[in-house]
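Q: I am new to this structure and would like a close look at a single part of it. Could you walk me through the strands and what surrounds them?

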Amino acid sequence: MIKLAIVSPCYNEEEVLEESTTRLTALFDDLVAKKKISADSFVLFVNDGSKDRTWSIIKQLHRTNPYIKGMNLARNVGHQYAIMAGMMTAKDWSDAVITIDADLQDDLNAIEEMIDAYTQGYDVVYGVKVSRQADPMLKRLSATAFYKLQHRMGVETIYNHADFRFLSRRVLEQLSHYQERNVYLRGIIPLLGFPSTTVDDVIRERTAGTSKYTVRKMFSLALDGITSFSVKPIYGIVYLGIIFVFISILIGIYVLYSLISGTAEHGWASLMLSVWFVGGIVLMSIGAVGLYIGKIYKEVKRRPLYNVEEVLYDDQDK
Ligand code: UDP
Ligand code: MG
């Protein structure tokens, strides 16, 4: 029997929290009855600087429901960091942590399977989406393209696994030594290298509210997912540069030939074209290098990933 912690990041989730709590409570009651988890297992809702009533709802739920614990971050730091904050807090009070989005779009039935896998000796259990029918078309397409791109860039991740996963305490202990500031958990966890397996995750529609992942947040996660684990884009730029030098040599030869043979034209179009084209490539390359320098800048400052304002976890629970 393990003491389980479920960590769930919440950003403006006032519409789903009560329903999610009802479903999680039913699940916990069931797992406690089956003697799979201890009765002091808990759900830690991490409020990621919500602008709505999320935190007051969490406080209310904590007062009435013994399973519910809460944690309030001082400002919005984003999904990955909110999960990190929750896991690092929950690991000291539990044997294992499962992370799941507050909207419970992931498959709650998979949680029992995750625990079973742990008893069979797995430290990491990934929830893998079996179908993305519940996701909008655009999200599905961009996700598929992203996983492919990531793979080509040499980043080892689990295909169609988001952040629904089980981690044992010793994995979390190890994870706490990874001091990087640019957190992309889907990339870090496989690097840890503990025995791992997957379970099916049947995604459902959001029960209420809308997606809190704006296009901007999704894009920034995607960039982190590649640039935090791979330097291939920089190599790509170097190769691009080599190709361009080669092409310009060919053009040079052609120009020289035209001059000698007297057929040289004062081409405006070709000039404009090359200036813009090369300019674009140069800007893109500087930008890509800048991305990495920006990351180095963030790493060297070693600022904390998140600031905890308040934790609701009663002493007698520990
Ligand atoms: N979330 C968060 N901070 C943010 C954005 C999102 O903690 O800045 C949480 C959100 O409350 C949810 C989870 O991250 O629990 C996933 O977000 P969402 O369900 O909106 O994304 P989607 O399922 O559409 O990818
Ligand atoms: Mg969701």
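**A close look at the strands**

A: Let's begin with one pair of residues: Tyr126 has Arg165, in strand S6, as its bridge partner. Please keep in mind that the model is predicted. The two strands behind that pair are S5, residues 124–131, and S6, residues 161–168, and they are joined in the antiparallel sense by four bridges.

S5 also pairs with strand S7, residues 196–202; here the strands run parallel, and seven bridges join them.

Now let's move to another pair, S1 and S2. These strands are parallel to each other and share six bridges. Across them, Ile6 stands opposite Val43 of S2.

S2, which covers residues 42–47, is mostly covered, with six of its six residues buried. Phe42, Leu44 and Val46 point to one side of S2, whereas Val43, Phe45 and Asn47 point to the other. In a regular strand, side chains alternate between the two faces of the sheet. In S2 the residues pointing either way are all buried.

Setting aside neighbours within four places in sequence, Ile6 is in contact with Leu24, Val43, Leu44, Ile98 and Ile100. Ile6 also belongs to the largest nonpolar core, a set of 60 residues, and is one of those with the most contacts inside it, along with Val7, Leu44, Val46, Val97 and Met114. Helix H3 gives the most to this core, with seven residues. As a general background, nonpolar side chains in soluble globular proteins tend to be buried together.

S1 and H3 lead us on to ligand 1. This ligand is surrounded by 16 residues, and the closest are Pro9, Tyr11, Asp48, Ser211 and Lys212. Strand S1, residues 4–10, and helix H3, residues 79–90, are the elements that give two or more residues to this shell. By class, the shell holds six nonpolar, five polar and five charged residues.

An unreviewed UniProt entry lists residues 6–175 as "domain: Glycosyltransferase 2-like". Over residues 6–175 the chain is 44% helix and 22% strand, with the end C-alpha atoms 17 Å apart. The unreviewed UniProt entry also lists residues 237–257 and 269–293 under "transmembrane region". Residues 237–257 are 100% helix and 0% strand, and the end C-alpha atoms of that span lie 30 Å apart.

Notes
Residues are numbered from 1 along each chain as its sequence is written. Chains are lettered from A and ligands numbered from 1 in the order in which they are written. This is a predicted model: local features need pLDDT of at least 70, side-chain atom pairs count only at pLDDT 80 or more; totals for chains, interfaces and linings use all residues. UniProt positions are given in the numbering used here, feature names are shortened, and annotations may be inferred rather than shown by experiment. A residue is near a molecule or strand if its C-beta atom, placed from the backbone, lies within 6 Å of it. Ala, Val, Leu, Ile, Met, Phe, Trp, Tyr, Cys and Pro count as nonpolar, Asp, Glu, Lys and Arg as charged, and the others, Gly among them, as polar. A nonpolar core is a set of buried Ala, Val, Leu, Ile, Met, Phe, Trp, Tyr and Cys residues joined through C-beta atoms within 7 Å. A residue is buried if 20 or more other C-beta atoms lie within 10 Å of its own, exposed if 12 or fewer, and partly exposed in between; C-beta atoms are placed from the backbone. Two residues are in contact if their C-beta atoms, placed from the backbone, lie within 7 Å. Two strands pair if DSSP finds at least two bridges between them.
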